[in-house]
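Morning, everyone. I have one model to walk through today. Have the sequence and the structure open while I talk.

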Amino acid sequence: MNKKIFLGFILITFNLFSQEKGVFSGGFESNAQWYLNDPCFLDEFYNPVSHPENPLRSNSYLLLNYKIKNWSFGIQGESYLQDALLNYNPKYENVNIGTYFAQYKNEKIDVTAGYFYEQFGSGLLLRTWEDRALGINNSLRGIRFIYKPTNYFTLKTLYGQQRTGFDVSKGKIFGADLELALSDVLKMENSDLTIGFNSVGRYEKTDIVDPNFDKLTMTYGGRVNYSHSSFYISSEFDYKSKDAVVQVRNQIDNNLIKSGNALLLNVGYSKKGFGVDGTFRRLENMSFYSERLAKGNQYNDMILNYVPSLTKQHHYNLANIYVYQAQPNVIINDASLVKAGEIGGQIDLFYNFKKGSKIGGKYGTKVAVNYSQYHGLAGTFYIYSPQDYSTEFLSFGKKYFSDANLEITKKWDEKWQTVFTYINQYYNKKFVEETYGEVKTNIIGAEAIYKFNPTHSVRTQAEHMWANSDKKNWAALLAEFNFGTKYTFYVSDLYNYGNEDSRLRHHYFSVGNSFRYKSTRLSLAYGRQRGGLVCVGGVCRFVPESTGFSFSINTSF
Amino acid sequence: MKKLITILICLFGLFLNAQTQMPNVSLTDLEGKKLSITNDFNEKDKIYVFSFWATWCTPCINELDEMNDVLADWKKELNLEVIAVATDDSRTQKRIKPLVNGKGWEYKILLDSNQDLKRALSIVNIPYTVVVKNGVIVHIQNGYVPGSENELYQKLKSL
């Protein structure tokens, strides 16, 4: 009903303004898969990979925007036919209207009704966004009001329910965020100083008889940003009020009522040709969903805050097999696997050896170094009833992950460019994935780009990973041919040759091509998909192993 | 519902307009200053090249590296400004400043932290380059392969 009223509203406005000239814009994206049987490709239980019930599936999105004067209107239609791609949230089905909005915006006021995307601070308390590759669209449906009376003051207030499939959450979300550029107020000439405060509340009734927790969960955050010439520092602290912990899927724990908090600190220094940056983060019981029971669902459904893993996002395929995922959750059901959060950080260093210097050569040499390490929180954990825990503020518990890596990029002449990478990782699979085992890896990657002429080029990438356990060693090769600026053809293979089980020494090959023209991109590929986590921006989605054709098209207008 | 969508598609399809403008979105730069895409990049006849990238996107960085080498030459011929719009979210956003300085890039950097601009322009893959002149999108380049920068320059000269 809401949708019909909204459409009616659009049409009326459309007619009212028909003398004025408005502007349409939009985009279309479709990703289709044709899953096939692959008798030689066995999963871990030695069952050959077979296609799902509906082998031909596609996820499609059509976004239309209309803008006239200070008004904007938008609507997004989505279709999942015959079903959504494998391991997408089954709530995405058939054809329906996913989101819509109407917005009025001028210099001082911005009002949006309908679905909207918002982020407060770093997103540790609230971030709503869309990531189609992960099947995330957690926009809020309601109303948002942004007031910006001067350049240095912004106040945002919002109220809504969160999108889940083609429905909205039962939990009701409200929040406010205030940002003040103090350096403008105090007329500081050479420095920038910004402070911000925010609060987000979730109101959700519960079926539990005699709950020991409130229907309302409140969160509060404060942040500060300071920079002075080449130096900068920022920090954020967030607090979540006491609420029932959900340890096991679909089970609210009425006897473990805990608060949560997060601390983020970032310091950096950079000038021309040099940059260094360090981040520290501590999380304790900081997962936040618009419904309590949504916690831990594999589709990231109804996720309200953004807790990315703060590690380097590698572009090498083999470096993305053991990917760290942030650990904000509490689990104390098993004495050998207790968690209450994470503590750790990362350091980045960028350096550019100048053109003409000894190491720089004619075109300069660029070096990037990164190190990250994360641990669980140390503390006292009471496993048996009553369950409870207490943590120490700055002490490190079990090691979860570390990654040390070096990347050197060198352009030799007009035709040649090479990139060399070394990565050393430690991945505590038992704690990160809540299964068993730990893996140590060493990865070497080399990449070369050769230009035949101004528009034809080839890019090759070779990788090798030594792993001491789990699936052991891997090798990977990729060759990408660019015929002009519009057409690309590639072949690639990942080979798990070191797997101790000879039946599982699979080749994950892929052959594909893409065509680009102006705002349109078409691609077609055939190959095998490695099962495991597909991660974008530190948020991951599990995908099963599969074989088949994939086709995608996207365009904007 | 299906009918409704079909009607909607037909309706909107009729009014498709090639003269697309940039959306009215405000983004912050590396100094924390808020800039409006429509009001702060509107000098008459100046060419604005908005290049969408991220710290984790290797082809994007290759493109910006290559363009940075020739930007001074381009500016001699044309009245243009290149704006590198970083679509990094809070996971990698802190890496932007040291990377930009480490590489010695000369671009204006804008932070599209929650991808408001990227979403408003229906951008699916980066690198993605939008060329704007007098408030109107005059050219789009989708993707980057070595040599794309030459083609882009030829296009810019023809505007």
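What pattern does chain B follow, read along the sequence? It goes α-β-β-β-α-β-α-β-α-β-β-α. That comes to five helices and seven strands. One caveat before I go on: this is a predicted model.

Let me stay with chain B. It has 159 residues, and 46% of them count as buried. Now look at contacts between residues at least 6 apart in sequence. In chain B, 71% of those join residues at least 24 apart.

Next, the sheet. In which order do the seven strands of chain B lie? The order is β2-β1-β5-β4-β3-β6-β7, in an open sheet with mixed pairing. The edges are β2, residues 34-36, and β7 of chain B. Each of those two pairs on one side only. On average, neighbouring strands are turned by 30° against each other, direction ignored.

Take one pair from that sheet. β3(B) and β4(B) run parallel, over seven bridges. One bridge to pick out on screen: B:Phe50 has B:Ile83 in β4(B) as its partner. A helix, α5(B), packs on the sheet and touches β3, β4, β6 and β7 of chain B. The direction of α5(B) makes about 160° with that of β7(B).

Zoom in on that helix. α5(B) covers residues 148-158, and its buried residues are B:Ser148, B:Glu149 and B:Leu152. Why do they line one face? Down the axis of α5(B), the buried residues fall within an arc of 90°, so they line one face of the helix. Turned away from that buried side are the exposed residues B:Gln154, B:Lys157 and B:Ser158. And what covers the buried residues? The cover includes α2 (58-77), β6 (128-133) and β7 (136-142) of chain B.

On to the cores. The largest nonpolar core holds 41 residues. Touching the most other members are B:Phe50, B:Trp53, B:Cys60, B:Ile83, B:Ala84, B:Val85 and B:Ile126. Several elements of chain B each supply at least two residues, among them β3 (47-53), α2, β4 (80-86) and α3 (96-103). Which element gives the most? That is β3(B), with six residues.

What does B:Ile83 contact, beyond neighbours within four places in sequence? The list is B:Tyr48, B:Val49, B:Phe50, B:Tyr107, B:Lys108 and B:Leu110. There is also a second, separate core of 29 residues, which includes A:Leu62, A:Leu124, A:Leu158 and A:Leu264.

That takes us to chain A. Start with strand β1(A). Strand β4 of chain A, residues 56-68, pairs with β1(A) in the antiparallel sense, over 12 bridges. In that pairing, A:Phe24 has A:Tyr66 as its bridge partner in β4(A). Strand β32 of chain A, residues 546-556, also pairs antiparallel with β1(A), over 10 bridges. There, A:Phe28 is bridged to A:Thr555 in β32(A).

Further along chain A, look at β12, β13 and β14. β12(A), residues 167-181, runs antiparallel to β13(A), residues 191-203, with 10 bridges between them. A:Leu180 stands opposite A:Ile195 in β13(A). Then 13 bridges join β13(A) to β14(A), residues 216-228, again antiparallel. In that case A:Arg202 stands opposite A:Thr217 in β14(A).

Now a loop residue. Where is A:Arg505 found? It sits in the loop between β27 (487-495) and β28 (507-517) of chain A. Is A:Arg505 buried or partly exposed? It counts as partly exposed, because it has 15 C-beta neighbours inside 10 Å, and buried would take 20 or more. Leaving out residues up to four places away in sequence, A:Arg505 touches A:Asn496, A:Tyr497 and A:Asn499. A:Arg528 is 23 residues away along the chain, and the two C-alpha atoms are separated by 13 Å.

Last item, the interface. How many residues of chain A are in contact with chain B? There are 65, against 49 residues of chain B. Strand β1 of chain A, residues 23-36, gives the most to the chain A side, with six residues. By type, that side divides into 21 nonpolar, 30 polar and 14 charged residues.

That's my list. Over to you for questions.

Methods: Residues are numbered from 1 along each chain as its sequence is written. Chains are lettered from A and ligands numbered from 1 in the order in which they are written. This is a predicted model: local features need pLDDT of at least 70, side-chain atom pairs count only at pLDDT 80 or more; totals for chains, interfaces and linings use all residues. Two residues are in contact if their C-beta atoms, placed from the backbone, lie within 7 Å. Helices (H or I, at least four residues) and strands (E, at least two) are DSSP runs, numbered from the N terminus. Ala, Val, Leu, Ile, Met, Phe, Trp, Tyr, Cys and Pro count as nonpolar, Asp, Glu, Lys and Arg as charged, and the others, Gly among them, as polar. A residue is buried if 20 or more other C-beta atoms lie within 10 Å of its own, exposed if 12 or fewer, and partly exposed in between; C-beta atoms are placed from the backbone. The arc is that of the directions from the helix axis to the C-beta atoms. A nonpolar core is a set of buried Ala, Val, Leu, Ile, Met, Phe, Trp, Tyr and Cys residues joined through C-beta atoms within 7 Å. Two strands pair if DSSP finds at least two bridges between them. Axes are lines fitted to C-alpha atoms, for helices over the stretch in contact, and angles run from 0 to 180 degrees between N-to-C directions.
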